[in-house]
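Hi,

Here is the structure I promised to pass on. Have a look at it first, and then read on for what turned up.

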Amino acid sequence: MSDAVVFDLDGVLIDSEEVWDSVREAYVRDRGGRYDEGIQRAMMGMSSPEWSRYLHETAGIAESPETINAEVVQRMLAAYREHLPLVDGAVEAVRRLAARFPLAVASSSNRPLIDVVLEVADLKELFRTTVSSEEVARGKPAPDVYLEAARRLGIAPERCAAVEDSHNGIRSAKSALMRVVAIPNASYPPDAEALAQADVVIRSLDELTPELVASG
């Protein structure tokens, strides 16, 4: 039985992976760096200190990781304020589960982005706590962000269900001993090895019900 639900943000509640990809690619190309599919895939799940350092060291961006992070986040905030790409059924799914479980967010997004998304979507009050991977030692696929979410909820990780869409996210939640409900990202699907670690695989948020969560 699960006593709480921890949501990933990007790819689960907001269809943001393509926004991240577009913003970071434009930033890298504006700075004369290199950006390709391998770089994009490698950054999925990384915390902001990790991906900004990765762009500095691997994509050939001369600016410091701190500057890279700040400038990319400002571009992301502007994109979200112009249009928040909520996944179909996201608001309804959160409200369904909040009626029965305490909720948390465990996200690789920066703190300002998490706060803006939940505020614009009018979901902020439904989450007991939110954690950005920039607030822990390691980003996904390490379990740190999920372990911290469970700690802040005051509930053992093995009593939590995680809702994830990506290979690094699934591995992160599973490493934290959570029950994993996977909704594979259509644009950037998790690899077969990661997907096999999920306890339940569903096709959309419409299938994410309190009964499904409680059944594990």
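Predicted model: local features only at pLDDT ≥ 70, side-chain atom pairs only at ≥ 80, totals over all residues.

Let's start with Leu55, which you'll find in helix α3, residues 48-58. Is Leu55 buried or exposed? Leu55 counts as buried, because its relative accessibility is 0%.

Strands of a sheet pair through backbone hydrogen bonds, and they can do so parallel or antiparallel. Here we have an open sheet of 6 strands with parallel pairing, and the order across it is β3-β2-β1-β4-β5-β6. Which strands sit at the edges? Those are β3 (129-132) and β6 (200-201), each of which pairs on one side only.

You can walk through part of the sheet yourself. Strand β1 (residues 4-7) runs parallel to strand β2 (residues 103-107), and 3 bridges join them. Look for Val6, which stands opposite Ala104 in β2. Going on from there, β2 is joined to β3 by 4 bridges, again in parallel. Ala104 turns up here too, with Thr129 as its bridge partner in β3.

Most residues other than glycine have a negative phi, and most peptide bonds are trans.

- Lys140 and Pro141 are joined by a cis peptide bond, with omega at about 15 degrees. Pro141 is in the loop between β3 and α7 (144-153).
- Asp122 is not a glycine, but its phi is positive, near 60 degrees. Asp122 lies in the loop between α6 (111-120) and β3, and it counts as exposed because its relative accessibility is 57%.
- Leu177 is not a glycine either, and it has a positive phi of about 75 degrees. You'll find Leu177 in the loop between α8 (167-175) and β5 (179-182). At 58% relative accessibility, Leu177 counts as exposed.

On to the charges. Side chains of opposite charge can pair when their charged atoms come close. How many salt bridges are there? The count comes to 18. Here are some to click on.

Asp30 forms a salt bridge with Arg75, and the closest N and O atoms are 3.2 Å apart. Asp30 lies in helix α1 (residues 17-30) and Arg75 in helix α4, so this pair ties together parts that are 45 residues apart in sequence. Asp30 is exposed, at 52% relative accessibility, whereas Arg75 is partly exposed, at 30%.

Glu135 and Arg152 also meet in a salt bridge, at 3.3 Å from N to O. This pair links distant parts of the chain: Glu135 is in the loop between β3 and α7, Arg152 is in helix α7, and they are 17 residues apart. Both count as partly exposed, Glu135 at 34% relative accessibility and Arg152 at 33%.

Then there is the salt bridge between Lys174 and Asp199, at 2.8 Å from N to O. Lys174 is in helix α8 and Asp199 in the loop between α9 (192-195) and β6, 25 residues apart, which again makes a link between distant parts of the chain. Lys174 is partly exposed at 26% relative accessibility, and Asp199 is partly exposed at 40%. There is a network as well: salt bridges that share partners join Arg111, Asp115, Glu135, Glu148, Arg151 and Arg152.

Asp88 counts as exposed because its relative accessible area is 71%, and the cut-off for exposed is over 50%.

How values were computed: Residues numbered from 1 in each chain as written. Heavy atoms only, no water. Buried < 20%, exposed > 50% of the residue type's maximum accessible area, 1.4 Å probe, protein only. Pairing = 2+ DSSP bridges. Helix = DSSP H or I, 4+ residues; strand = E, 2+ residues; numbered from the N terminus. Salt bridge = Lys/Arg side-chain N within 4 Å of Asp/Glu carboxyl O.
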